[in-house]
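Subject: Structure handover

Hello,

I am passing on the structure below, followed by my notes on it. Please look it over before reading on.

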Amino acid sequence: MVVLSMPATNDQFSIIKNSCKSPPSYFPSNIPLIDLSKPDIKNQLVKACEEFGFFKVINHGVPIEFINKLELQAIKFFSSPLSQKEKTGPPDPFGYGNKTIGPNGDVGWVEYILLSTNSEFNYQKFASILGVNPQDIRCAVNDYVSSMKKMACEILEMLAEGLKIHPKNVFSKLIMDEKSDSLFRINHYPPYCSDEIQEFNGRNLIGFGEHTDPQIISLLRSNNTCGLQISLVDGHWISVPPDQNSFFINVGDSLQVMTNGRFKSVKHRVLANNVKSRLSMIYFGGPPLSEKIGPLPSLLMKGDQDSLYKEFTWFEYKKSAYKSRLADNRLVQFEKV
């Protein structure tokens, strides 16, 4: 794997005293495990979203060839010379980027590709670097993203059933909409092994700083390298053991709002690894830009409770999130006093 040409200084990169091991009292096995092949798991899903906002799924049915095909292309791209990769960036909003995360000063030990899930997206720049036909990349991305969308909708419909909301596609229809503003991101965290970074004496370098995802739901798959951590409700961070055969699901800010805070948008981060590179692929299921986001009336009526959030469009929230720092609580300004 290529190591990024990054000048590493304490001013640039955040470091943290931690490791891939979690505190004994917060052993990673506590993370909910959901077998999608089993019947009647909707209550398990609801509980996982209420208590963690995060869970792992197995027996997901995503063809392994879809995963391997896209991962091989990603590895080949990130192994290319930096000068070649930079020809596909900077992300505006789509394309290649490294170090800089967003426009407001956040940096991390990461390089990435951000793609639209729109089938009309132009892959020509990436194809020229990889030496393949743009259609080959398009097919690889579309096959993978289609599987992600299918899994996301299946999970969202079971969550609606578990909450006794009708119709059951109240969440999934937003992702299935042809104007859905969904994204696909591939992150690469090179091992940090330069002399400058070794001075941190075993402390961990932040690959991607703590944040929540603004969309409805996120589906993540990574290679077998640790680094992902989630924050529990009490503020403790726990490491998520890597599993390249499974997917990890995050509740996003929008789903937290639609459930009036019943589901929790999980705060998470990624620590870089000083031995192995980490590659992750994330599908962010988002609603159409014009979609109004607010607590569902059916949940308010059943719980006889007040709405915790003001209604807003996804465009308004996305614009607000774009202006924020990673660690900011973006929902604060949309909360009702």
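This is a predicted model: local features need pLDDT of at least 70, side-chain atom pairs count only at pLDDT 80 or more; totals for chains, interfaces and linings use all residues.

β8 and β13 belong to an open sheet of eight strands, ordered β2-β3-β11-β8-β13-β6-β5-β4, with mixed pairing. The edges are taken by β2 and β4 (95–101); each has a single partner strand, so one side of each has no neighbour in the sheet. On average, neighbouring strands of the sheet are turned by 25° against each other, direction ignored.

β8 also pairs with β11, antiparallel, through four bridges. Here Ser-218 stands opposite Asn-250 of β11. β11 in turn pairs with β3 in the antiparallel sense, again over four bridges, and Lys-56 has Phe-248 in β11 as its bridge partner.

Seven bridges hold the antiparallel pairing of β6 with β13 (residues 278–285), where Arg-185 is partnered by Ile-282. β6 is also joined to β5 (residues 106–116), antiparallel, by six bridges. Ile-113 is the residue opposite Ile-186 of β6.

How well covered are the strands?

In a regular strand, side chains alternate between the two faces of the sheet. In β8, six of the six residues are buried. One side carries Ile-217, Leu-219 and Arg-221, the other Ser-218, Leu-220 and Ser-222, and all of these are buried.

Helix α5 lies across β3, β5, β6, β8, β11 and β13, and runs at about 130° to β8.

Which residues of helix α1 (residues 42–51) are buried? They are Leu-45, Val-46, Ala-48 and Cys-49. These four span an arc of only 160° around the axis, which puts them on the same side of α1. Among the elements that cover them are β2 (33–35), β3 (54–58), α5 (134–162) and β11 (247–251). After α1 comes Gly-53, which has a positive phi near 70°.

Helix α10 can be described in the same terms. Its buried residues include Trp-314, Tyr-317, Ser-320 and Ala-321. They cover an arc of only 130° around the axis, and therefore lie on the same side of α10. The buried residues of α10 pack against α8 (253–258), β14 (292–293) and β15 (312–313).

Aromatic rings

How many aromatic pairs does a search of the whole structure find? The count is 11. One of them joins Phe-77 and Phe-78 in an edge-to-face arrangement, at 5.4 Å centre to centre and with 75° between the planes. Both Phe-77 and Phe-78 are buried. Together with Tyr-96 and Phe-126, Phe-77 and Phe-78 form one aromatic cluster.

Another pair is that of Tyr-317 and Phe-334, also edge-to-face, with 5.3 Å between the centres and 70° between the planes. This pair links distant parts of the chain, as Tyr-317 is in helix α10 (residues 314–322) and Phe-334 is in the segment after α10, 17 residues apart. Why do both count as buried? Buried means under 20% relative accessible area. Tyr-317 has a relative accessible area of 0%, so it is buried. Phe-334 is at 11% relative accessibility and therefore counts as buried.

The charged end of Arg-269 sits over the ring of Trp-237, 4.0 Å from its centre.

Regards

Definitions and conventions
Residues are numbered from 1 along each chain as its sequence is written. Side-chain values use heavy atoms; hydrogens and water are left out. Two strands pair if DSSP finds at least two bridges between them. Helices (H or I, at least four residues) and strands (E, at least two) are DSSP runs, numbered from the N terminus. Rings of Phe, Tyr and Trp (its six-membered ring) pair if their centres lie within 6.5 Å; planes under 30 degrees apart count as stacked, over 60 as edge-to-face and the rest as tilted. Buried means under 20% relative accessible area, exposed over 50%, partly exposed in between (1.4 Å probe, protein chains only). A charge sits over a ring if NZ of Lys or CZ of Arg is within 6 Å of the ring centre and within 35 degrees of the ring normal. The arc is that of the directions from the helix axis to the C-beta atoms. Contact means heavy atoms within 4.5 Å. Axes are lines fitted to C-alpha atoms, for helices over the stretch in contact, and angles run from 0 to 180 degrees between N-to-C directions.
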